[in-house]
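Here is a short briefing on one protein model. Please look over the sequence and the structure before reading on.

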Amino acid sequence: MTAPDLSMAQISRRMLSAKAEQFTESVIREMTRLALKHGAVNLSQGFPDLCRARGNQEAARKAISDDINQ
């Protein structure tokens with residue numbers, strides 16, 4: 001296979017170190033990919049950019065103040 005025949009993905013793959021080749025997809029990256037695939041709201045990164053109901057905000061505040069997390 002000559003250089004012009006290589007795709008960018010193949011070239012990028014050839015440039016990875018042996019250690020980097022052992023890495024697996026992160027959970028955040030996987031959830032982002034799945035959210036995009038299914039048209040879902042992606043809660044794996046940052047905060048949703050949508051209107052939140054007043055009751056949900058209050059419930060979240062209470063959970064935080066009660067030290068309920070994760």
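The model is predicted, with a mean pLDDT of 78 for the protein.

**Confidence**
- A pLDDT of 70 or more is reached by 69% of the residues.
- Helix H2 (residues 27-38) has the highest confidence, with a mean of 89.
- Helix H1 (residues 8-14) has the lowest, with a mean of 66.
- Where pLDDT is low, predicted coordinates should not be read in detail.

**Surface and burial**
- The protein has 70 residues, and buried ones make up 4% of them.
- Its accessible surface is about 6,700 Å².
- Carbon and sulfur atoms account for 58% of that surface.

**Salt bridges: overview**
- Side chains of opposite charge can pair when their charged atoms come close.
- The count here is three salt bridges.

**Glu 25 and Arg 33**
- The side chains of Glu 25 and Arg 33 form a salt bridge, with N to O at 3.2 Å.
- Glu 25 is partly exposed, because its relative accessibility is 39%, between the cut-offs of 20% and 50%.
- Arg 33 has a relative accessible area of 41%, so this residue is also partly exposed.

**Arg 61 and Glu 58**
- A salt bridge joins the side chains of Arg 61 and Glu 58, at 2.7 Å from N to O.
- Both residues belong to helix H3 (residues 54-65).
- Arg 61 and Glu 58 are three residues apart, about one turn of the helix.
- Arg 61 counts as partly exposed, because its relative accessibility is 44%.
- Glu 58 has a relative accessible area of 40%, so Glu 58 is partly exposed too.

**Lys 62 and Asp 66**
- Lys 62 and Asp 66 meet through their side chains in a salt bridge, with an N to O distance of 2.6 Å.
- Is Lys 62 buried or exposed? Lys 62 is exposed, because its relative accessible area of 52% is over the 50% cut-off.
- Asp 66 has a relative accessibility of 41%, so Asp 66 counts as partly exposed.

Terms used:
Residues numbered from 1 in each chain as written. Predicted model: local features only at pLDDT ≥ 70, side-chain atom pairs only at ≥ 80, totals over all residues. Heavy atoms only, no water. Salt bridge = Lys/Arg side-chain N within 4 Å of Asp/Glu carboxyl O. Buried < 20%, exposed > 50% of the residue type's maximum accessible area, 1.4 Å probe, protein only. Helix = DSSP H or I, 4+ residues; strand = E, 2+ residues; numbered from the N terminus. pLDDT = per-residue confidence, 0-100. Areas by Shrake-Rupley, 256 points an atom, 1.4 Å probe, with all protein chains shown as cover.
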